[in-house]
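Trainee: I would be grateful for a close look at the side-chain pairings in this model, both the charged and the aromatic ones. Please set them out as one connected account.

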Amino acid sequence: MKAKKEESSVKTDAPRSAKMTQETTAGGSLKKKVSMPQAKKKPPTVPVSKSSPTTLNPSAGRHPYSLPSGVDATDKNARERPPKPANAPLAPTAGCDDGACSEPSSAKSIPTTSSATPSLQNSTAALLARPSSTRKTAFVVVDHGVTAEQGTRRTMEDQHTMLAEGIPFFGVYDGHGGTQCAEYLRDHLHGFIFSNPELKTNPRKAIVDGIVEADNAFLALSERETNESGSVCAVALIIDDKLVVGNVGDCEAVLARDGKPVVLTVRHTIASNPSEEERVRGVGGKVCHNRVGHPNYNPAVVSLAVTRAIGDAGFKLARYTDGKASGVIAVPDTTVTKLTDDDEFLVIGCDGLWDVMTYEEVVDFCYRRFQEGMTAQCIAEELAQAALAKGSTDNVTAMLVHLTRREGLQSTREFVPEAAVSTSTRNLSEEP
């Protein structure tokens, strides 16, 4: 059984639709980099073809400068952007919006209109439950780009999805043990999330339910086909002025706020997250050399680098584990962030990027090139190359999303339904 984590990256041309722009990847050449050309301004409208709780500590293992789960964070400091960003992550601060000041996450309060009920004020759903008549500014994607590099790995297992219109959706999928799981997520995960009836009222729940549903569906497929591949992921939704992010494993997303990084994800590895080791051991799982050991085989031989992943039937299905818990789960960590005028772009990447470049380096790298007038696609390409030049031996996927405000009513844009699911194409690495 192959359980060692590997990564890869891929790309395909997407079908076109009148409602949204979509880009997906599906395999890559063994020698050449895979990148997707992007328009400088608003991406063209393109179609897509139709295809088919455990309560955890939300702050455990979180980067010290990341946003606590569900926090409505604002930063209204009216200062000019410095010519060079400071080399320190930005700690989220409370701010005011529409005359209602937000409080630290421990207070669990969020800004609402005067008509909101007390129960809504204490729920994540209230972040998106303002009356549609409220005049607000929605954030839209003005430019986006992605590059996937195989690097020195023998296989390419990274995948990604980009839907820039309607409700924008961006996802990076870092596969291991084969390409099947990452490809499945590329084609289906956004369909599971978009078809959730609570997408607009409780997008965090939509992301959690969608990822868990995708995990269950892929495990059922794996049992029929004897497939043990798995994947980690980081996904982001933009609904009006809210950025909703969820991640499983070690893919990460960072928001550039006033030239400084705000980390929106949690690394689910034992080496970087002691609470994950406690959780794994608490259910009877094995830990060996900072990896999750297989419950039935020698953990020094069969292990997984991450504590959370989609797929990985070998660590989850009873036919492989004899009913013993491994501790590997697919429940994501999520955050909801209120975007401000200081928020400029979002970077989503796999561990092949973040293992060799700090959050500050990545934000500074992209910020300086935006100042020079470069497109998001060109910056993403240079960022992936920079990671390889710094010694990354993994597959590298770098996704960059440039944001801006647009005046209008809140929650009036149409979301993309289940028909948004992309078509699948075979991995180019399988070509003879």
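Mentor: The account below takes the charged pairs, then a cysteine in a strand, then the aromatic rings.

This is a predicted model, in which local features need pLDDT of at least 70 and side-chain atom pairs count only at pLDDT 80 or more, while totals for chains, interfaces and linings use all residues. Residues are numbered from 1 along each chain as its sequence is written, and side-chain values use heavy atoms, with hydrogens and water left out.

Side chains of opposite charge can pair when their charged atoms come close. A salt bridge here is a side-chain nitrogen of Lys or Arg within 4 Å of a carboxyl oxygen of Asp or Glu. By that rule the model holds 19 salt bridges.

One of them joins Glu 276 to Arg 308, with 2.9 Å from N to O. Glu 276 belongs to helix H4, whereas Arg 308 sits in the loop between strand S14 (303–304) and strand S15 (310–311), so this pair ties together parts that are 32 residues apart in sequence. Helices (H or I, at least four residues) and strands (E, at least two) are DSSP runs, numbered from the N terminus. Both Glu 276 and Arg 308 are buried; buried means under 20% relative accessible area, exposed over 50%, and partly exposed in between, with a 1.4 Å probe and protein chains only. The pair also belongs to a network of salt bridges that links Glu 276, Arg 279, Arg 308 and Asp 333.

A further salt bridge brings together Arg 267 and Asp 355, at 3.5 Å from N to O. Here too distant parts of the chain are linked: Arg 267 is in the loop between strand S11 (260–263) and helix H4 (274–282), and Asp 355 is in the loop between helix H6 (351–354) and helix H7 (359–371), 88 residues apart. Arg 267 counts as buried, at 19% relative accessibility.

Lys 260 and Asp 258 form another salt bridge, their closest N and O atoms being 3.9 Å apart. Lys 260 is buried with a relative accessible area of 15%, and Asp 258 is buried with 1%.

Turning to the cysteine, Cys 288 lies in strand S12 (residues 286–288) and is buried, at 16% relative accessible area. Leaving aside neighbours within four places in sequence, Cys 288 is in contact (heavy atoms within 4.5 Å) with Pro 299 and Ala 300. Val 301 is 13 residues from Cys 288 along the chain, and their C-alpha atoms are separated by 9.5 Å.

The rings remain. Rings of Phe, Tyr and Trp (its six-membered ring) pair if their centres lie within 6.5 Å; planes under 30 degrees apart count as stacked, over 60 as edge-to-face and the rest as tilted. The count comes to 4 aromatic pairs. Among them is the tilted pair of Tyr 184 and Phe 218, with 5.4 Å centre to centre and 50° between the planes. Tyr 184 lies in helix H2 (residues 180–194) and Phe 218 in helix H3 (residues 203–225), 34 residues apart. Tyr 184 is buried at 16% relative accessibility, and Phe 218 is buried at 1%.

Phe 345 and Phe 370 also form a tilted pair, at 5.3 Å centre to centre and 45° between the planes. Phe 345 is in strand S17 (residues 343–349) and Phe 370 in helix H7, so the pair ties together parts that are 25 residues apart in sequence. Phe 345 and Phe 370 are both buried.
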